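The structure comes next, followed by a short report.

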Amino acid sequence: MGTDVSGLPAGSAGLSVTHNRPLAFLAANADSLQGAAGAFAAVPAATNATLNATTPSAAPATDYYASVLTQTLTFYDTQRSGRLPSSIHQAFPMMMDSALDDGKDVGLDLVGGYFDSGTSVVKYTLPLAFSLTTLAWGAIEFPEGFAAANQTAHLLDTVKWGTDYLMNCVPNSTALVVQVASKERASAWNNPANIASYNLRATFTAGTQLPASDAAGETSAALAAASILFRTVNETSALPQPPPIDHSSDSNQLLAKAKTAFEYADTYRGLAYKNIPPENGAFVYSPWGYLDDLAWGAAWLHKATNGTGHFSWIPDYRFNWDMKDRGVDVLMATTLSDGMSSLYGSRVKGMFANISYPGDEYSFFSQGGLLIRDLALQQDYDFVSAPDSINVAFLGYIVSKYNAKANSDLATIASEFATAQLNYVLGDNPSNFTFITGIDSRSPINPCSMLMHGGINISYPVNNKYVLPGALVGGPTVRDKYVDTRLNRLYTEPKLICR
């Protein structure tokens, strides 16, 4: 199965795809891990389509998930910046090489990486690093799913494209590139490559006076996670055969850069956004703090170095680009020898033991069952972030994997919760709507994406020209409603990470 879908007009049937962040636990489902059978059974028959739409609706759900996984990485492909490989040009003719002078203003090669979202050609270090960390983590935990879908090489290429860029963002132990390009004018609407060519793309670098512990800690985590992935991919018995490229040298370089990034993050404390003037997008990704990012980076270095250091000082349902608390708990509970009996394990148990389900007195879910991570955002905008819910569900599948035998009750709770979130996004919700582009007739046809729209005015034409597979839109209202219009950006814009 391939990814030659760029020429299909919006609304075309026959694409079976999904989004970047669900990738990891979709791999878990494709591998029939604990709790996956429930997800297979709950997938609506209408979504059991393959790329050529010839498989009958009664096709095995495992085939459906494998086809979904085959396509999910294409969202990353469509967000690539830099000198694109010929395979990308062939699959997506509307994509062009872009931002080929990035970094020249500071003497660095910052060509490459990924644009942030459907409406932005800025490259933000913090959210990109988080996206790559979780992508690598999913591949580390569930390699069999990628192998079953024949996506191991695609996965490695996707991670490498991002980490090659991130390594260049770490010039030494006293600096970090935190952003390339200014936040575009609100009226800018065009092919992303065109915007990247005519907008001044300044490089914003944090140093010792205004440091960036948040972005540097996450960058350390991403590079350490990728180093584990590239080191083990040739060794794991889950793969039918080693990939054609030996990634051992990549692994060593990644780990060295991860240590450098963490040294900077730990030595010089501060938040990245303070290096960026407000008019250039300082508050697009302005986190609450940086201690969780330091803990996150240290945890991944601990795992990457087999526990030889970096974790001597580390100290709700939060796991996203801004708050890594629960990610640290799950990672350490599944890494340490005492595992679930450790302090981290006790917090993981508490996390899933206390999850309220729809209808409970203290329910933190939409009426149809989608987890509400940010109550303030929900109250201000009547909005529930589907990507945030997916992130926590991903943790649920990892917890289920490691507790299938020792704590079957916890494994069941975690997997049932994760499966319910995944099913919601894939169409099992009150509106019978699929929140991922290209899956079926219920998918969004007008997500807020310049590349999909193909025009130069956000309002015209009304419908997008292209369907690009694998984009998870923002999410529904707390009442599970969704209006498919680009002008409703909070709800309809696809991004590399959650809002």
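At roughly what angle do the axes of helix H6 and helix H10 cross?

## H6 and H10

The axes of H6 (residues 125-141) and H10 (residues 213-232) cross at roughly 25° and come within 8 Å. H6 is therefore roughly parallel to H10, a label for angles under 35 degrees. Here axes are lines fitted to C-alpha atoms over the stretch in contact, with angles from 0 to 180 degrees between N-to-C directions. Helices are DSSP runs (H or I, at least four residues) and strands are E runs of at least two, numbered from the N terminus.

In this contact (heavy atoms within 4.5 Å), the H6 residues include Leu126, Phe130 and Ile140, and those of H10 include Asp214, Glu218 and Leu229. By class, the contact of H6 with H10 has 14 nonpolar, three polar and two charged residues.

## H16 and H17

H16 (residues 386-402) packs on H17 (residues 408-425) at about 150°, with axes 8 Å apart. H16 and H17 are therefore roughly antiparallel, the term for angles over 145 degrees.

Among the residues in contact are Ile390, Gly396 and Tyr397 of H16 and Leu410, Phe417 and Gln421 of H17. The contact of H16 with H17 counts 13 nonpolar, six polar and no charged residues.

## The whole chain

The chain has 19 helices and three strands. Of its 499 residues, 62% are buried (under 20% relative accessible area, 1.4 Å probe, protein chains only).

## About the model

This is a predicted model, where local features need pLDDT of at least 70 and side-chain atom pairs pLDDT 80 or more, while totals for chains, interfaces and linings use all residues. Residues are numbered from 1 along each chain as its sequence is written, and side-chain values use heavy atoms, leaving out hydrogens and water.

Definitions and conventions. Parallel < 35°, antiparallel > 145°, perpendicular 65-115°, else oblique. Nonpolar A, V, L, I, M, F, W, Y, C, P; charged D, E, K, R; others polar. Buried < 20%, exposed > 50% of the residue type's maximum accessible area, 1.4 Å probe, protein only.
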